[in-house]
Amino acid sequence: MAANLFNKTVLAACGSDSLDRALQSSAAAVIYMNADINALVTKSFRERCRQKPILIHFDLLKGLSGDKEALRFLKRVIDPYGVVTTKSNVVRSAKSEGLFTMQRIFLIDTKSFRSSLDAVSENKP
C-alpha cells in the first residue's frame, strides 16, 4: 500500500478504540501511539493495517527494544506501513527494512531547529 502522506491529515491514536475511530475517519493515515507488542501481533491488528496506512510510534512501543532487530521483527511479523521516531539511527534502520519513516522533531529553540534540519536533511525520512 503506497500512500502519499505529504500535506495530508494524519491522526494519532492511543488505544484500540481510538485506532478504530481513526481508521473510519477521512484521515490519510494513523500514527499508533503507546502501542503494545502483544496487541500488534494479533490477526485483528494486521487486518487493520490493510484498511489504512498505520505508522507505529517506535519510541513509545512497549515490549520491544529500540534496536535494528526490533525493527526487523516489526517489519517481518507485523508489517505496518511505517514508523515514527525522534531518533536518526531508527530512521536509517527502518528505511533499510523498507518501512516508511516519519521523523518527529522538537523545536524548542534556534539550536534545536538547526540540528533538526540537519538530521532531516541527512536522514531524508
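Guide: The answer below begins with conventions, takes the ion pairs one by one, and then turns to the surroundings.

This is a predicted model, in which local features need pLDDT of at least 70 and side-chain atom pairs count only at pLDDT 80 or more, whereas totals for chains, interfaces and linings use all residues. Residues are numbered from 1 along each chain as its sequence is written, and side-chain values use heavy atoms, with hydrogens and water left out.

The structure contains six salt bridges, each being a side-chain nitrogen of Lys or Arg within 4 Å of a carboxyl oxygen of Asp or Glu. One of them joins the side chains of Arg72 and Glu97, with an N to O distance of 3.2 Å. Arg72 belongs to helix H4 and Glu97 to the loop between H5 and E5, so that distant parts of the chain, 25 residues apart, are linked (helices, H or I of at least four residues, and strands, E of at least two, are DSSP runs numbered from the N terminus). Glu97 is buried because its relative accessible area is 15%, while Arg72, at 26%, is partly exposed (buried means under 20%, exposed over 50%, partly exposed in between, with a 1.4 Å probe and protein chains only).

Arg92 counts as partly exposed at 42% relative accessibility, whereas Glu122, with 61%, is exposed.

The largest nonpolar core has 23 residues (buried Ala, Val, Leu, Ile, Met, Phe, Trp, Tyr and Cys residues joined through side-chain atoms within 4.5 Å). Two or more of its residues come from each of H1 (16–24), E2 (29–32), H2 (37–40), H3 (43–51), E3 (54–57), H4 (68–78) and H5 (88–96). The largest share, four residues, is supplied by H4.

Leu19, Tyr32, Leu40, Phe45, Ile54 and Phe58 have the most contacts inside this core, a contact being heavy atoms within 4.5 Å. Phe45 touches Leu19, Tyr32, Ala39, Leu40, Ile54, Ile56 and Ile78, residues up to four places away in sequence not being counted. Apart from this core lies another, of seven residues, including Leu5, Ala29, Met33 and Val84.

The loop between E3 and H4 holds Ser65, which is partly exposed at 42% relative accessible area. Neighbours within four places in sequence aside, Ser65 is in contact with Phe58 and Ala70. The side chains of Ser65 and Asp67 are joined by a polar contact of 3.1 Å (a pair of N or O atoms within 3.5 Å; within protein, one must be able to donate a hydrogen and the other to accept it, and residues adjacent in sequence count only if both atoms are side-chain atoms).
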